[in-house]
Amino acid sequence: MGAVFTEFPWGVILILLPVTGGILCFLWPQIAKITGLFIVFVVALLVVGLAWQIFNNGVYRHAVGGWGAPLGVDLYADGLSLLMLAITALVGMGVSVYSAAYFKHEQAAQFWPLWLLLLAALNALFLSADIFNVYVTFELMGLAAVALVALAGSREALGAAMRYLLAALLGSLAYLLGVALLYHGFGTVDIALLVERAEPSPVIWAALGLMGAGLLLKTALFPLHFWLPPAHASAPTPVSALLSALVVKASFYILLRLWLEIFDPLVGGAGVEQLLGLLGAAAILWGSVQALRQTRLKLLIAYSTVAQVGYLFLAFPLVAAAGVSAWSAVTYLVLSHALAKAAMFMAAGNLLCFGGHDRITDLDRVVQRLPLTAAAFALAGVSIMGLPPSGGFIGKWLLLEAALMQGRWDLVAVMILGGLLAAGYIFKVLGYAFTQADISHESKAVPASMEWTALLLACGAILLGFLAVPVLSLVGIGDPFGIGEVRP
Amino acid sequence: MSTAFLYALVGTGLFALGLYALIVHAHLLRKILALNIMGSGVFMVLVALAKRTGDAPPDAVPHAMVITGIVVAVSATALALTLMLKLNAKSGHAELPDDRRE
Amino acid sequence: MIASSLLPGLIIFGLAEERVRLRTVLNLSGALVKLVLVGFVLWGVSQGQQYETRLALLPGLELVLRAGPLSLLFVSLSALLWLVTTVYAIGYLEGSPHRSRFFGFFSLCVTATVGVALSGNLITFLLFYELLTLATYPLVVHRGTEAARHAGLIYLRYTIAGGALLLVATVWLYTLTGTLEFTPQGFLDSVGAEQHTALIIIFTLLIAGFGVKAALVPLHGWLPLAMVAPAPVSALLHAVAVVKAGAFGIVRVVYDVFGVEFAANLGVLGPLAWLAAITIIYGSLRALFQDDLKRRLAFSTISQVSYIVLGTAIAGPIAAIGGVVHLVHQGLMKITLFFCAGNLAETLGIHKISEMNGVGRRMPWTMTAFTVGAFGMIGAPPVAGFVTKWYLGLGALQAGQEWVIIVLAGSSLLNAAYFLPILHRAWFQEPPNTWPKEFDFGRKETAWMLLLPPVITALMALAAGLLAAVAFSPLEWAQFIAEQEFSRP
Amino acid sequence: MTLLTWIFDSLLGLSLLWLAWRALACPNLFKAIVLFVAFGLLMALAWVRLAAPDVALAEAAIGAGLTGALLMAALAKLHPTEAHNDFAVPPEKNVTKVWSWQWLPAITILLVTTGLGYVVLSLPPYATGLSTEVAANLEISGASNPVTAVLLNFRGYDTLLEIVVLLLALLGVWSLNSADLDHKAAPGIVLDTLARLLTPIFILVAAYLLWVGAHAPGGAFQAGAVLGAAGVLLLLAGWRPRTGLMALPLRLVLVIGPAIFVIVAMLTLLIAGQMLEYPPTQAGALILILETAATVSIGVTLAALFLGGDPRKNNRNKNHT
């Protein structure tokens with residue numbers, strides 16, 4: 001029995017199953033909702049299986065086609081990939097339940113196949129050990145995401161989807177050129193083999209520049225964030241949640257992997273980390289200030305994503321003296337932001353659905369009568385602000401610890417200021433939850449499942465604040481951050 | 001300079017031309033063309049450098065990658081063109097709305 | 001113990017507005033259960049037992065709840081006053097909207113306060129401290145008016161910024177020492193001398209962070225504004241939860257993080273004492289010129305809470321007793337005053353002092369309680385406030401800081417100057433023919449749920465003064481705590 | 001390398017750059033697309049010079065042919081005022097603008113490109129990449145054309161995902177747009193006849209390319225592209241499939257490629273233990289099955305992309321507008 005569990009190829013099924021689901025949903029739109037929900041829940045179970053396997057056997061490796069690198073493509077999963085898969089499954093379940101009530105009729109028929117293929121792309125991305133394969137999954141993810149944004153159908157959404165598509169394609173091409181140089185420089189596209197073969201050379205620098213720029217564009221790090229706010233704000237709500245919670249993190253994950261495995265050992269300490277940290281700091285301040293200035297709720301949340309992405313990059317310059325804290329912080333921030341931001345977008349979607357608009361100043365009519373939604377927004381906000389007890393707090397604590405260990409007062413100041421600004425924009429919204437307003441008539445009922453999923457995800461973000469020890473020990477499997485070998 | 005490097009340089013040139021056009025042109029059809037030319041540049045680098053095998057047949061792996069890339073490119077182009085038409089039908093323009101007009 | 005208010009709180013959120021009876025039962029039973037638990041633990045600790053709960057929060061960091069003497073002092077205070085305030089709030093809010101929400105956050109607020117009290121290390125403290133901020137915000141803006149929203153915003157600005165300072169200081173401290181566990185006499189002995197500048201900055205940050213809630217001048221700006229909240233909230237904010245949590249934080253920092261001796265050697269206690277003294281005088285002066293009753297009480301709070309800080313900062317065992325015991329005394333007295341102010345507003349529509357002519361004849365019980373509280377504030381024997389001032393004065397003399405006596409005397413004079421005219425008006429002036437807005441309560445002077453709490457707390461304040469020497473009195477506990485802090489093994 | 005080939009390569013390279021430049025800069029969009037198609041054809045020539053006949057075929061059929069057709073069709077459907085006004089700013093204003101900000105990207109890109117050129121030249125002049133590994137395993141891969149072996153066997157997983165990308169693009173297009181299914185009168189007798197004549201030929205060519213792909217240049221993508229071209233030609237000539245076919249049958253044909261791929265992936269996973277690990281004896285057959293399914297799907301998908309919308313939505317949308 002145990003052997004079946006530990007030998008079963010969970011990882012591969014994680015990719016193939018959603019693809020199958022996407023095809024089924026496309027063929028028979030009538031049963032798309034049921035099929036979609038079923039597949040997503042099975043995927044979550046598969047992730048549990050994979051976790052069991054990794055926990056018992058250590059890292060997971062699957063040589064597709066039986067060839068093995070460098071000739072074939074490898075799948076690879078360690079603690080970090082597992083955690084990304086898990087958060088994808090978790091947020092994915094939430095979004096699916098939410099979407100089941102959100103999308104109706106024709107839109108539902110279009111949503112489910114696109115979403116399942118996006119899920120396949122995300123899973124494939126987190127499992128990939130091959131940089132060209134990553135390119136293909138990027139395209140899969142990008143096209144699915146763009147098509148999902150365009151589902152909203154409004155003029156803003158179409159413009160935003162177009163801008164998003166152009167940015168995604170540009171990012172992919174820059175990334176692909178980097179892949180081309182690495183392949184021709186070192187004769188392989190397998191990450192592990194590249195680590196063995198790569199040596200400091202112009203090729204490494206050019207590849208870092210190209211792939212880095214492409215990935216930063218996809219991750220929307222300031223000042224390459226221009227495409228994100230319109231796309232995330234004008235997409236249908238479940239899609240906004242997916243994009244902010246997962247898709248942005250996917251490109252960040254690849255960037256992190258490549259940096260940790262390939263580039264850091266070769267060019268670490270040459271100022272690239274500092275540049276990333278600087279951009280991250282700028283992103284925090286710029287994104288937060290912009291969020292504070294928005295008059296529409298979904299744009300506010302979208303700019304908050306720009307700011308939160310900045311926190312992830314603050315870790316890069318802090319690794320030298322405090323590797324454990326900095327990378328644990330990144331993991332934690334990624335996880336808690338995924339949950340909190342998904343919950344926040346869903347809450348915003350409920351308000352939008354209920355009141356028919358998302359103008360912040362007119363929210364008083366709405367927020368009061370959706371207490372669950374208001375609670376979801378507030379709890380998610382606690383995590384985004386980094387207040388205890390929440391996952392966001394743990395992340396911020398670790399990051400602060402790293403910054404203080406290294407004496408980086410500038411970054412400490414940025415983090416504190418970012419937290420204060422975040423409190424500013426979140427309470428700008430929450431303040432309306434308590435104002436007395438006359439009952440308005442033009443409102444639509446919000447399905448209970450949409451309110452509860454938002455609340456549950458938000459509770460997840462809070463709960464994450466108490467799970468640091470098991471989560472961080474899980475991430476350590478396979479030593480993705482190279483902490484085992486202490487750098488001088 | 002060998003054939004491989006000559007064409008590889010042409011590839012980087014195409015990439016640069018496409019990138020420049022993507023940035024300065026506002027019309028979406030032009031931007032889509034620019035991305036296609038950038039793509040061709042990248043493919044050119046991939047295939048050209050595969051021919052550094054002397055007289056032996058060139059490395060087939062980049063060739064396969066490029067064929068994959070071409071199919072991906074045409075998929076993306078088709079989606080982009082449809083988006084452009086839809087946007088054009090809704091707004092009467094085939095440019096992106098300016099950021100400042102928000 | 002925390003669960004006894006957290007659980008009812010969460011359940012109450014889910015309750016429909018109409019379920020008044022169930023909500024009342026939940027509230028009161030939660031409060032009673034907590035009181036019983038506290039009594040049990042109190043007895044246990046006095047028998048030398050240890051109560052501790054640990055939960056891993058981060059590698060190397062734990063969530064620690066520990067029932068030490070200082071914690072218990074604060075816990076007993078909040079448990080007792082919670083029960084009283086709950087009764088009062090149920091009476092006060094009869095018939096107003098959003099009661100489920102109110103009592104939900106009310107319970108959360110007490111949860112956080114108890115958490116603050118029981119915290120066994122700085123990160124746990126921080127966690128509950130921030131929770132307190134979040135839980136009180138909805139209470140401050142409960143009325144939902146534009147003024148309330150504004151006050152809430154100001155409140156948040158102060159407290160969130162303070163919280164951020166605390167966070168930095170805490171993390172910094174952790175990177176220097178690798179522990180955050182509260183230890184009598186501090187845990188910083190191992191830190192080398194070259195880090196002392198850093199420690200001074202950390203101390204400043206911590207004091208600034210807690211000072212926001214303790215309303216130390218110049219960080220007091222939010223407190224008078226927050227008076228827009230309903231009376232039970234004001235009572236709770238001032239007497240038990242927020243302000244006290246800040247003061248309690250300062251006590252913790254000085255005693256259990258830095259240690260009195262260490263802090264005195266760093267030279268940070270002198271400025272703290274001065275800051276407290278300035279706050280005492282400034283608050284009293286401002287109170288003198290307020291006509292709005294609640295605002296006068298608010299400035300009085302600013303002044304009174306700093307007695308606690310002052311007692312801590314004087315760095316002598318007797319002054320410490322005064323400071324710690326004032327934590328309890330001020331709570332009892334101030335809550336009485338706020339209950340009375342609330343009664344006046346709810347029964348007769350009185351908000352201003354100039355409207356209080358002859359109110360003592362209309363509402364004798366309320367005003368008697370008010371008088372007891374006011375005399376306590378002035379420091380007249382035999383009310384509890386006298387004990388505080390006596391010990392503070394003695395402690396100052398013992399520590400050779402005679403200037404404190406002048407501050408104490410000055411502030412007592414000012415206290416008298418702003419309380420006595422009120423009493424004079426209430427008892428000796430002719431009542432007007434009509435009150436601003438009178439509600440009918442039949443033959444009683446007001447609803448019994450409103451009347452009972454202030455009378456009880458006033459009696460307790462009296463008792464704390466009269467029976468100060470009895471075992472289990474606040475003073476005895478405070479002496480126990482001071483002994484722990486000042487006796488070197 | 002002889003001088004003659006060097007001159008030829010240089011000229012070809014320069015004309016590629018020049019055509020790209022003209023296609024991106026010429027003010028008329030129609031001309032730009034024509035130039036782009038010409039560019040694609042020259043690219044095919046360049047691929048031949050680089051000894052990449054498979055890529056050349058794919059480029060000619062997909063890169064130049066189908067992309068060009070898609071672009072032309074899109075241009076035709078653009079709002080008339082937009083189709084010819086291709087610069088956002090009028091030319092005279094454009095000139096002043098050039099100096100205000102366009103020099104910045106130009107100089108940056110120039111610097112970056114110079115750097116890239118240097119990096120390219122810094123690569124070792126002789127490298128075999130993975131060609132030895134490919135050659136060593138060609139025997140058991142089931143295909144003697146190394147490109148097909150890589151695409152369908154060694155890196156078959158990429159190809160699986162890539163076919164899904166194609167399907168995804170169609171899903172995206174369909175979710176955005178509905179297609180006009182009314183029969184059109186053929187634009188002219190010439191085109192009509194041409195279409196009738198060429199379609200069977202194209203199908204034959206596609207079948208040939210598919211078959212030959214196992215050991216010579218060609219394969220699923222090229223064959224699919226030719227099939228797609230046939231479809232485009234039919235659509236151009238005004239032919240529209242019957243509505244009854246538009247429902248499930250069309251969708252089944254569209255997904256047959258990815259579906260067969262996924263099924264094969266699952267089966268190999270169960271039997272061999274690794275996804276897409278073919279038993280050497282059946283590898284050839286499996287590859288042929290995969291390629292046939294892929295060809296059909298690619299061809300139909302490409303033609304459907306050209307049609308540019310979801311045929312199912314046609315009637316419903318008409319009622320709305």
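## Contacts, core and chain interfaces in a predicted model

In chain D, residues 24 or more positions apart account for 75% of the contacts with a separation of 6 or more. The model described here is predicted. Chain D has 13 helices and zero strands, and of its 321 residues, 47% are buried.

Where chain D meets chain B, the contact takes 75 residues from chain D and 66 residues from chain B. On the chain D side, at least two residues each come from helix 1 (3-25), helix 2 (29-49), helix 3 (53-77), helix 5 (91-122), helix 6 (131-141), helix 7 (146-154) and helix 8 (156-176) of chain D. Helix 3 of chain D supplies the largest share of that side, 13 residues. By residue class, the side of chain D that touches chain B consists of 50 nonpolar, 15 polar and 10 charged residues.

Chain C is assigned domain 1 (1-265) and domain 2 (268-489), and 43 residues of domain 1 of chain C are in contact with 45 residues of domain 2 of chain C. The elements that give two or more residues to the domain 1 side of this contact are helix 3 (69-92), helix 7 (196-214), helix 8 (222-225), helix 9 (231-240), helix 10 (242-258) and helix 11 (260-266) of chain C. Helix 3 of chain C gives the most to that side, with 12 residues, and the residues of the domain 1 side divide into 37 nonpolar, five polar and one charged.

The largest nonpolar core has 581 residues, and those with the most contacts inside it are Leu14(A), Leu118(A), Ala144(A), Val149(A), Ala161(A), Ala315(A) and Ala343(A). Helix 7 (residues 155-186) of chain A gives the most to this core, with 23 residues. Because domain 1 (1-265) and domain 2 (268-489) of chain C both give residues to this core, the core lies between them. Leaving aside neighbours within four places in sequence, Val149(A) is in contact with Ala157(A), Ala160(A), Ala161(A), Tyr164(A), Ala231(A), Ala235(A) and Val239(A).

Not counting residues up to four places away in sequence, Val407(C) touches Ala277(C), Ile280(C) and Ile281(C). Val407(C) and Ala276(C) are 131 residues apart in sequence, while the C-alpha to C-alpha separation in space is 10.0 Å.

| Strand | Paired strand | Sense and bridges |
|---|---|---|
| Strand 1 (residues 60-63) of chain A | Strand 2 (residues 74-77) of chain A | antiparallel, four bridges |
| Strand 1 (residues 52-58) of chain C | Strand 2 (residues 61-66) of chain C | antiparallel, six bridges |

His62(A) has Leu75(A) in strand 2 of chain A as its bridge partner. In chain C, the bridge partner of Ala56(C) is Glu62(C) in strand 2 of chain C. Strand 1 of chain C and strand 2 of chain C form a hairpin with two residues between them, and Gly60(C) in the turn has a positive phi of about 90°.

Notes
Residues numbered from 1 in each chain as written. Chains lettered and ligands numbered in written order. Predicted model: local features only at pLDDT ≥ 70, side-chain atom pairs only at ≥ 80, totals over all residues. Core = buried A, V, L, I, M, F, W, Y, C linked by C-beta atoms within 7 Å. Buried ≥ 20, exposed ≤ 12 C-beta atoms within 10 Å, placed from the backbone. Domains from an automatic or database assignment. Contact = placed C-beta atoms within 7 Å. Nonpolar A, V, L, I, M, F, W, Y, C, P; charged D, E, K, R; others polar. Pairing = 2+ DSSP bridges.
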